[in-house]
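Here are my notes on the fold, in numbered points. Please keep the structure open while reading.

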Amino acid sequence: MASQTTTDHDTIRRWAEGRQGRARPGSWDDWFRKFEGQRLALVYQDQTEGGEQSNFNKLVSRDGQ
């Protein structure tokens, strides 16, 4: 499946929590403050080509988009 890119906080949080993910530097507010401060975007995949849930993700610079 194709990957998607987002900067939407609700989408990122839902995607991560749907995979048992959580914010590492304390709270989601702290994480998103750093995310915005570094002008990042999340590249992610919902499903693998086989239709299974995908955990693929990476943070990229918004400036490079």
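1. A definition before the packing. A crossing counts as right-handed if the near helix is turned clockwise from the far one by less than a right angle, and as left-handed if anticlockwise. The crossing of α1 and α2 is right-handed. Bear in mind that this is a predicted model.

2. The sheet. Three strands form an open sheet in the order β1-β2-β3. Their pairing is antiparallel. β1 (4-6) and β3 (57-61) are the edge strands; each has a single partner, so one side of each lacks a neighbour in the sheet. From one strand to the next, the twist averages 30°.

3. The β2–β3 pair. Strand β2 covers residues 40-44 and runs antiparallel to β3, with 5 bridges joining the two. For a reference point, look at Ala41: this residue stands opposite Val60 in β3.

4. Helices on the sheet. Helix α1 (residues 9-17) lies across β1, β2 and β3. Its direction is at about 45° to β2. Helix α2 (residues 28-37) also lies across β1, β2 and β3, but runs at about 105° to β2.

5. Helix against helix. How do the axes of α1 and α2 cross? They come within 12 Å and cross at roughly 125°. That angle makes α1 oblique to α2.

6. The contact itself. On the α1 side are His9, Ile12, Arg13, Ala16 and Glu17. They meet Trp28, Trp31, Phe32, Phe35 and Glu36 in α2. By class, the contact residues divide into 6 nonpolar, 1 polar and 3 charged.

How values were computed
Residues numbered from 1 in each chain as written. Predicted model: local features only at pLDDT ≥ 70, side-chain atom pairs only at ≥ 80, totals over all residues. Heavy atoms only, no water. Pairing = 2+ DSSP bridges. Helix = DSSP H or I, 4+ residues; strand = E, 2+ residues; numbered from the N terminus. Axes fitted to C-alpha atoms, helices over the stretch in contact; angles between N-to-C directions. Contact = heavy atoms within 4.5 Å. Parallel < 35°, antiparallel > 145°, perpendicular 65-115°, else oblique. Nonpolar A, V, L, I, M, F, W, Y, C, P; charged D, E, K, R; others polar.
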